[in-house]
Amino acid sequence: MKENIAVIGCAFGDEAKARCVHWMAKDFRFVVRFGGSLNAGHTIYHDGKKIVRHMIPSADFSVGNKAFLGSGMVLDIPQLLKEVIECEKQFPGSAKNIYVDPDAFIITQEHIEEDANKNKHIGSTGKGVGPAYKDKIGRTGIRLQSLIDSGDYFIKSLQDKGVQFKSCIELCDEFDMTNGVIFEGSQAIMLDISFGTYPFVTSGETGLAGIINSGFAKYMPKRIYGIVKAYSTRVGNGPFATEIDDSEEIANYIRAQGKEYGASTGRPRRIGWLDLPSIKYAAEKAAITDLIVTKLDVLDGFNEIYVCDQYLDGYPRTSSDIINAKPFYHVMPGWKNSKSIEQTKDFRELIEQTTRIPISHISCGVNEEDIITLRD
Ligand code: IMP
């Protein structure tokens with residue numbers, strides 16, 4: 001049986017996880033999204049075309065992938081219908097390869113209004129995600145199951161398009177799982193409800209607990225890839241130790257080069273230098289086995305690059321240590337062309353030495369051929 005894998009963000013989200021998942025997905029049968037909702041904006045590039053998904057996993061339908069929206073998600077059903085229609089246009093026949101666990105919970109109009117009224121100070125995307133999870137935990141939520149045979153217009157429309165409401169147990173009976181599962185994280189560990197910079201976090205579980213709650217726990221991943229961007233970004237409010245606040249010019253340049261605007265909300269992302277102590281913390285919380293460093297090309301041409309490899313108070317042991325962190329920077333020479341791997345060797349070595357986790361791949365552009373495998 002093929003080894004199942006997971007792809008998890010190690011910072012504040014937007015680490016370019018989706019393009020890695022889309023690239024790796026062709027070796028697997030199921031791409032399982034386990035948490036969050038349309039607060040995520042997952043950008044993939046397929047045959048040079050940019051595609052943004054929010055709830056549907058980054059499956060590659062052109063190679064017969066099946067996409068599973070797990071029980072740990074909260075779903076906005078009218079928006080899911082829109083996304084399925086869009087996906088059908090891009091990949092005709094894809095809807096019948098989309099499965100939704102009836103144990104997921106739904107987002108209602110009241111949840112969206114509550115988010116707008118009460119969660120602005122967090123910098124919430126305002127999609128109703130937090131209030132939907134709050135109701136789930138408070139035992140007043142609405143399970144998708146209760147809508148399935150109710151004649152609900154949106155559910156019926158999804159079914160008419162071919163979307164199937166089935167649990168992991170039914171799917172495992174129906175399909176040979178030899179080709180395994182890739183679990184796709186949304187958001188990231190520093191936004192996790194338990195491990196992140198609370199209360200400036202999302203309300204879902206972005207690491208292993210989320211994977212277990214997908215319903216696919218029987219297929220737990222053996223390798224867990226942690227995605228790390230060559231610099232840091234954060235969208236929304238909350239602590240950000242390595243935020244670049246002394247040079248608007250550098251921050252604006254990185255934002256423009258990296259197209260660092262929220263894929264769900266269009267908000268400009270805050271920009272910072274790579275924060276290795278927090279990556280190390282996230283990697284330990286999520287049991288990361290391999291790192292993938294993305295968007296190195298955005299820093300091509302810098303004479304100097306700053307990397308935080310220590311906090312003045314030592315390595316973080318708790319999320320409070322990250323909230324209160326005072327970064328200490330290692331200044332290193334930059335590179336001209338990240339695709340020439342010799343040029344980024346020192347940068348990669350610093351990441352591996354600090355985190356004690358090997359880098360398996362780097363990505364230096366938006367297309368598949370820009371992903372370089374360093375070790376299998
Ligand atoms: P909410 O989950 O929409 O309530 O947002 C809570 C916090 O998480 C806010 O700071 C958002 O900007 C952030 N957030 C939620 N989803 C994402 C994401 O997919 N990428 C980056 N930040 C996110």
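Phe68 stands opposite Tyr99 in strand S7. This pair belongs to the link between strand S5 (residues 66-69) and strand S7 (residues 98-100), which run parallel and are joined by 3 bridges. The model is predicted, and residues are numbered from 1 along each chain.

S5 and S7 are part of an open sheet of 10 strands. Read across, the order is S9-S7-S5-S2-S10-S1-S11-S15-S18-S19. The pairing is mixed. At the edges are strand S9 (164-165) and strand S19 (371-373), and each pairs on one side only. Helix H1 (residues 17-24) packs on this sheet. H1 touches S1, strand S2 (30-33), S10, S11, strand S15 (290-294), strand S18 (359-363) and S19. The direction of H1 makes about 165° with that of S1.

Now take strand S1 (residues 5-9) itself. How many of its residues are buried? The count is 5 of 5, so the strand is mostly covered, buried being under 20% relative accessible area. In a regular strand, side chains alternate between the two faces of the sheet. In S1, Ile5, Val7 and Gly9 lie on one side. Ala6 and Ile8 lie on the other. Residues on both sides are buried, and both faces of the strand are covered.

With strand S11 (residues 223-229), S1 pairs in the parallel sense over 5 bridges. There Ile5 stands opposite Arg223. With strand S10 (residues 181-184), S1 again runs parallel, joined by 3 bridges. Phe183 of S10 is the bridge partner of Ala6.

A second open sheet has 3 strands, in the order S14-S16-S17 and with mixed pairing. Strand S14 (274-275) and strand S17 (327-333) stand at its edges. Each has a single partner strand, so one side of each is left without a neighbour in the sheet. S14 and strand S16 (residues 304-311) run parallel and are joined by 2 bridges. Asp275 has Cys308 of S16 as its bridge partner.

Two helices meet these strands. Helix H10 (residues 276-285) lies across S14 and S16, running at about 55° to S16. Helix H12 (residues 345-355) packs on the sheet and touches S14, S16 and S17. The direction of H12 makes about 10° with that of S16.

Helices also pack on each other. Helix H2 (residues 77-90) and helix H6 (residues 153-161) pack at an angle of about 25°, with axes 9 Å apart. Angles under 35 degrees count as roughly parallel, so H2 and H6 fall in that class. H2 passes H6 in a left-handed crossing. From H2, the contact uses Ile77, Pro78, Leu80, Leu81, Val84 and Ile85. From H6, it uses Phe154, Ile155, Ser157, Leu158 and Lys161.

Conventions: Predicted model: local features only at pLDDT ≥ 70, side-chain atom pairs only at ≥ 80, totals over all residues. Heavy atoms only, no water. Pairing = 2+ DSSP bridges. Helix = DSSP H or I, 4+ residues; strand = E, 2+ residues; numbered from the N terminus. Contact = heavy atoms within 4.5 Å. Axes fitted to C-alpha atoms, helices over the stretch in contact; angles between N-to-C directions. Parallel < 35°, antiparallel > 145°, perpendicular 65-115°, else oblique. Left-handed = near helix turned anticlockwise from the far one by under 90°. Buried < 20%, exposed > 50% of the residue type's maximum accessible area, 1.4 Å probe, protein only.
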